[in-house]
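User: I would like to learn how to read side-chain contacts, helices, sheets and cores in a model. Please take one feature at a time.

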Amino acid sequence: MAKEKNVYIIGHKNPDTDSIASAIAYAYLKNSQGETRYIPARCGNVSNETQYVLDRFEQKSPKFVGDVRTQVRDMDMRNIPGVTDEISLKDAWKIMKDNKVVTLCITDGKYLKGLITTGDIMESYMGAYDSNTLSNANTSYTNIVDTLDGTMIVGNISDTQTEGKILIGAGTPDVLEEYIKPHDIVILGDRYESQLCAIEMGADCIIICAGSNVTRTIQSIADEKGCKIITTPHDSFTVARLIYQSIPIRHFMRSSDLVTFKLDDFIDDVQPIMASTRHRYFPVIDSSGKYKGMVSRRNFLGASKKKLILVDHNEKSQAVNGMEAAEIIEIIDHHRLGTVATTKPVYFRNQPLGSTCTILYLMYQEAGVEIPANIAGLMLSAIISDTLLYRSPTCTEIDKIAGEKLASIAGVDAEELAKNMFTAGSNLQNKQPTEILHQDFKKFTVGNTNVGIGQISSMDSNELAHIKEAIHPILEETAKSDNVDIILFMLTNILKESSEVLFYGSKSEILLETGFNVTSKDHYSVLLPGVVSRKKQVLPTILNTLNE
């Protein structure tokens with residue numbers, strides 16, 4: 001079945017308020033304009049500041065998407081319902097033929113129990129030399145009657161055959177007396193004497209072929225003796241050939257060592273397994289084990305890449321894992337041009353504004369779409385966060401105008417919202433130092449140098465001092481684990497409009513001293529008055545100094 005393609009709108013790793021709000025706000029705008037389903041997503045944990053904003057404006061956190069490589073769920077699965085293990089081999093074969101598949105999945109209605117293939121059915125049929133197979137398989141009379149296109153005229157069709165063998169009553173009654181044992185199933189014609197003999201010898205069932213008539217006397221004696229009577233329009237040869245097809249598939253199904261795939265399995269991981277096995281179809285289950293369908297090797301041809309819209313970033317190092325395996329269709333950002341490459345032209349909007357949500361505000365105006373109050377609150381929060389309530393040098397007049405309009409729509413006071421946001425954001429109780437460092441952390445590549453820059457903003461000088469004590473000891477370890485040559489951590493005081501920058505890495509000290517014309521007194525930090533923006537003040541200076 002063809003998959004309806006969703007489009008994920010997703011921000012950068014270690015998402016900040018602008019990244020999360022942009023994903024939600026742009027998804028709302030896009031969903032109001034077309035039939036495609038746009039889903040806001042995130043590839044990192046939500047910060048305290050952002051969670052406060054989400055709670056205040058009654059919005060759910062976007063769906064977590066940690067990797068956007070193509071998954072089994074992106075393939076065109078065969079949505080063939082699972083079958084019960086009680087159905088006959090004949091019915092199983094018909095379902096396979098009708099659906100043009102060679103494998104059937106067996107379920108209890110929800111969960112996968114086993115599977116059977118056309119090869120299993122042929123092997124069972126070609127190897128049918130044991131006349132006790134029906135009883136060994138506990139075959140139901142419902143299966144036997146259906147398989148023979150017959151009618152049970154005496155007996156209970158819901159019974160099961162648990163003992164005895166199958167034989168064709170082709171001889172005289174004297175001969176039959178030598179072969180028929182109690183509980184046998186005997187295939188007969190219209191000869192009264194043979195029918196009576198089988199009943200008297202204790203057969204569990206007699207099958208009357210070719211639509212032959214069964215006298216009331218025989219029916220009465222059979223009922224009295226507990227012998228079932230089935231009539232069928234088929235001749236004896238056909239009945240003998242068909243009856244083994246009434247055996248329930250559970251007798252031949254495979255229920256152990258099954259090769260299954262989960263919806264969330266990545267195709268990169270699945271392909272080698274498919275290539276190393278002889279099966280043509282493979283069951284697909286969800287995370288709880290429920291059967292969802294089947295896939296084959298040819299379904300790889302129908303597997304489509306996930307579609308993405310990137311917001312608030314365009315650097316490969318900041319993008320969701322597996323981004324290179326996805327199809328990027330749009331980028332909305334306010335940062336420098338980075339390293340994201342696309343296979344075909346995309347809609348790319350990049351403006352030198354303080355927040356991605358300011359760009360989205362303009363896009364709402366251009367599209368003539370009304371901004372709901374709760375979405376306006378999210379967008380305002382993003383602008384406040386990225387511009388530090390319009391104090392950052394990244395802030396433009398357009399950001400201020402957008403913020404004022406959004407505050408009016410949301411019915412909130414920007415100053416009060418900012419105070420609560422920053423207080424929530426700087427409340428880092430119960431967080432480990434590495435969590436604090438990565439709360440708002442971005443990586444950049446300059447030539448052969450990898451640079452990581454984190455930032456924490458607060459209105460409380462004492463709190464920033466405590467954070468400094470916690471972060472300084474882990475800088476070296478973090479630089480190694482994050483594979484960066486230089487790591488910087490900005491402790492931004494919103495009220496004083498300045499930042500203390502902790503640093504580690506080769507040439508990091510001389511880089512900061514040269515770039516900002518300051519001197520480090522302790523050889524692991526510098527104070528930068530008037531510097532509050534990573535994007536517009538710190539990053540450009542670092543890049544220029546490195547290039548020089």
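Analyst: This is a predicted model. Start with a polar contact: a polar atom of the side chain of Gln195 lies 3.0 Å from the backbone oxygen of Gly189. Such a pair of N or O atoms counts as a polar contact within 3.5 Å.

User: Where is Gln195 placed, and is Gln195 buried or exposed?

Analyst: Gln195 sits in helix α8, residues 192–200. Its relative accessibility is 2%, so Gln195 counts as buried, the cut-off for buried being under 20%.

User: Which residues does Gln195 touch, leaving out those up to four places away in sequence?

Analyst: With that exclusion, Gln195 touches Leu188, Gly189, Asp190, Ile206, Ile208, Asn213, Val214 and Ile218.

User: Next, helices. How does the span of α14 relate to the expected value?

Analyst: The expected span is 1.5 Å times one less than the number of residues. Helix α14 covers residues 397–410, which is 14 residues, and from first to last C-alpha it reaches 20 Å, close to the expected 20 Å.

User: Which residues of α14 are buried, and where do they fall around the axis?

Analyst: The buried residues of α14 are Asp399, Ala402, Gly403, Leu406, Ala407 and Ala410. Seen down the axis they fall within an arc of 135°, so they line one face of the helix. Glu397, Glu404 and Ser408 are exposed on the other side of α14.

User: What do the buried residues of α14 pack against, and what comes just after the helix?

Analyst: They pack against α12 (356–367) and α13 (373–387). Just after α14, Gly411 takes a positive phi of about 70°.

User: Which elements give two or more residues to the largest nonpolar core?

Analyst: That core has 49 residues, and Tyr26, Met379 and Ile384 have the most contacts inside it. The elements that give two or more residues to it are β1 (7–10), α1 (17–31), α2 (48–56), β16 (307–311), α12, α13, α14 and α15 (414–425). A second, separate core of 36 residues includes Ile144, Ile247, Ile249 and Met294.

User: What does Met379 touch?

Analyst: Not counting residues up to four places away in sequence, Met379 touches Ala25, Cys357, Leu360, Tyr361, Tyr364, Ile371 and Leu406. Leu406 is also one of the buried residues of α14.

User: Now sheets. What is the strand order in the sheet of 6 strands?

Analyst: Strands of a sheet pair through backbone hydrogen bonds, either parallel or antiparallel. Here the open sheet of 6 strands has the order β3-β2-β1-β16-β17-β18, with parallel pairing. Its edge strands, β3 (63–64) and β18 (347–350), each pair on one side only. Inside the sheet, β16 and β17 (residues 327–333) pair over 5 bridges in the parallel sense, with Ile309 opposite Glu330 in β17.

User: What is the pairing in the open sheet of 3 strands?

Analyst: The pairing is mixed, and the order is β13-β14-β15. The edge strands are β13 (261–262) and β15 (291–296). β13 and β14 (residues 281–285) run parallel and are joined by 2 bridges; the bridge partner of Phe261 in β14 is Val284.

Definitions and conventions: Residues numbered from 1 in each chain as written. Predicted model: local features only at pLDDT ≥ 70, side-chain atom pairs only at ≥ 80, totals over all residues. Heavy atoms only, no water. Helix = DSSP H or I, 4+ residues; strand = E, 2+ residues; numbered from the N terminus. Buried < 20%, exposed > 50% of the residue type's maximum accessible area, 1.4 Å probe, protein only. Arc of directions from axis to C-beta. Contact = heavy atoms within 4.5 Å. Pairing = 2+ DSSP bridges. Polar contact = N/O pair within 3.5 Å; in protein donor to acceptor, adjacent residues only side chain to side chain. Core = buried A, V, L, I, M, F, W, Y, C linked by side-chain atoms within 4.5 Å.
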